Amino acid sequence: MSMILEVEKPLLELEKKIKELKEVNMTGRVDLSSEIRLLERKAEQLKRSIYEDLSAWDRVQIARHSLRPSTTDYIQALFTDFMELHGDRLFADDPAIVAGLARFEGRACLVVGHQKGKDTKDNLARNFGMPNPEGFRKAGRLMSLGHRFKMPIFTFVDTPGAYPGIEAEERGQYEAIATNIALMTELGSPIVTLVIGEGGSGGALGIAVGDRVLMLENSVYSVISPEGCATILWRDASKAEQAAASLGLTSEILLRLGLVDEVLPEPLGGAHRDIPLVFETVARALRKHLGELLLLSPEERVKQRYDKYRRMGVVLDSPLRA
Amino acid sequence: MAGLFDKFRVNRPKVDQSRSDETARATLPSDLWIKCSDCGNAMYRKVFQDNLKVCDKCGFHHKLSSHERLELLADPGSFDEWDRGLYSGNPLSFAPEYLDKLDSDRKKTGLEDAVLSGKIELNGLPVGLAIMDFGFRGGSMGSVVGEKITRVLERAGDLRIPALVVTSSGGARMQEGMLSLMQMVRTSAAVRRLNELAVPYFCLLTDPTTAGVAASFAALGDVIVAEPRAIIGFAGARVIEQTIRQKLPPGFQTSEFFQKHGFIDMVVPRADLKATLGRLIGMFSVPVLETAP
């Protein structure tokens, strides 16, 4: 099932019409090429007007789009020799987090990412990309392995959040997240994190502490889901659109606040509209950042990472007035 | 221990006592009486105060303000406050009501934000201490809370003295958006630096300790102590109920629950806290003093 944004409906209708006209044109009975050209120009204008001024809520929809490339798509496209490794050696394997060894342009590295499902059945198997504690513990086990063997670590972020369930609490969801965040602050490996879709709060951050944290333009990263924020502030989940606008969850704002290091452009309308182009963009960015990080010693990376996060905060020396 | 908080009241005349009782979640039928928010038991206010705000019938531990907590833990006159004068901004230009609430919480608690910090002596042992205050925006962690806790951990490392953080927080401060989430990283990184220095770090979890605070420095103590029946956990009970569409079992997400599941070292009643923490910190203080610069 492909999700369609409300704002892009007129464009999709126009594109459908162009396709129909082209089919008629192909028969050669009438020449419609000038009409087609006209409509194509119109579509291009419409596309720009729709996508160049997306609201925070539109971006939330794009970030959650079912056709948006997921962690395994990036692994398949940008890495070779991927070997998925399973389990936290304590309790279970968590299908909501995919992890393993792979080569990035020939270099052995460690890859970890949240994995949402491609359809309903797959989503049930993947728990909609919401990790349980064992997911974070698997990630930690393998990141430590990567660190020991001096492998770069790449993480891909795409989750609504850590799973809120009874068993997840019993097995220490909060402890698993805290421990992995703390671990990622002290690993000597270069760590490059890319938010590819939805960065849902602590469940995202649990694998997202990096020397470089990158975001795809239309991905979002939020302290709480817009729905959750609306429920808490206004006791009304339907005000999610308003909450999304308030939470500062877009890549543009997070870059401005210095919380992400680079925003990677997407094709107009979102990554799903030209996936090969997105893979190219991401490959280039990973190459660049890894190259820069490899020039530093493990100690320097850990120190720079500490200093980077140490600066994150807005603290004033006098109170603000309303 | 009798009269401990009476002294606090004399020392902090600016704090509006009737408002601070709200933070104790105890509803009061009159000035003289306090009702336990858990079992409904009515107590003389004086008895309630003398009993450290613990219900004398069911043992429920009502919330303490950070100043009350300080009185409970610090040797008299030993508190040297750190990092005053740090204030929250409004980096996302959240609704102006947020600034009003910051302002009224400042007046209500006598704090600048949701953490009180400094150096104390606890049974004669020097300790770098941070106390979160639920009465200030639900103890939520924004940039100032993250900054003050990080500074306590860093300074404890510099001074080679043990660090203790008393948590009481619903989690991240939503109004600061992702800036607040990043406080989880700064504080956790500072804990790992203490670990490297072999400076001991202790957590005292009090009601409630959830979400972003539970999932960062509160979970990382070398030894983790909790007050009885404090609510602890990652996800809120309501969110879990909505997700799984069933009622939660009694005692879910309490200190005792997490001790049983292996995440908390000790559950200690308030009346024994100072003595227990003193003995605990004392176990670590000799090697710490020997490595002092």
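Axes are lines fitted to C-alpha atoms, for helices over the stretch in contact, and angles between N-to-C directions run from 0 to 180 degrees. Helices (H or I, at least four residues) and strands (E, at least two) are DSSP runs numbered from the N terminus. The structure is a predicted model, in which local features need pLDDT of at least 70 and side-chain atom pairs count only at pLDDT 80 or more, while totals for chains, interfaces and linings use all residues. Residues are numbered from 1 along each chain as its sequence is written, and chains are lettered from A and ligands numbered from 1 in the order in which they are written.

In chain A, helix H1 (residues 9–26) packs with helix H2 (residues 33–51) at an angle of about 160°, the two axes being 10 Å apart. Angles under 35 degrees count as roughly parallel, over 145 as roughly antiparallel, 65 to 115 as roughly perpendicular and the rest as oblique; H1(A) and H2(A) are therefore roughly antiparallel to each other. The crossing of H1(A) past H2(A) is left-handed, that is, the near helix is turned anticlockwise from the far one by less than a right angle. Contact between two residues requires C-beta atoms, placed from the backbone, within 7 Å. The H1(A) residues that meet H2(A) include A:Leu11, A:Leu14, A:Ile18 and A:Leu21, and those of H2(A) include A:Ile36, A:Leu39, A:Ala43 and A:Leu46. By class, this contact of H1(A) with H2(A) has 10 nonpolar, two polar and seven charged residues (Ala, Val, Leu, Ile, Met, Phe, Trp, Tyr, Cys and Pro count as nonpolar, Asp, Glu, Lys and Arg as charged, and the others, Gly among them, as polar).

The contact between the chains takes 48 residues from chain A and 51 residues from chain B. Elements giving two or more residues to the side of chain A that touches chain B include helix H8 (173–186), helix H14 (298–310) and strand E9 (315–316) of chain A. H8(A) provides the largest share of that side, 10 residues. The residues on this side of chain A divide into 29 nonpolar, 12 polar and seven charged. Pairing of strands requires at least two DSSP bridges between them; E9(A) pairs with strand E4 (residues 87–88) of chain B in the antiparallel sense over two bridges. In this pairing A:Val315 stands opposite B:Ser88.

Within chain B, six bridges join strand E7 (residues 163–169) to E8(B), and the two run parallel. B:Ser169 stands opposite B:Thr209 in E8(B). Burial is assigned from the number of other C-beta atoms, placed from the backbone, within 10 Å of a residue's own (buried, 20 or more; exposed, 12 or fewer; partly exposed, in between). Strand E8 (residues 201–210) of chain B is mostly covered, with 10 of its 10 residues buried. B:Pro208 lies in this strand and is joined to B:Asp207 by a cis peptide bond with omega about -15°.

Most residues other than glycine have a negative phi, and most peptide bonds are trans. A:Lys150, in the loop between helix H6 (133–148) and strand E4 (153–159) of chain A, has a positive phi near 55°. A:Lys150 is exposed, with 11 other C-beta atoms within 10 Å. B:Ala198, in the loop between helix H7 (178–197) and E8 of chain B, has a positive phi near 60°. B:Ala198 counts as partly exposed, with 13 C-beta neighbours inside 10 Å.

B:Lys148, found in helix H6 (residues 143–159) of chain B, counts as buried because 26 C-beta neighbours lie inside 10 Å.
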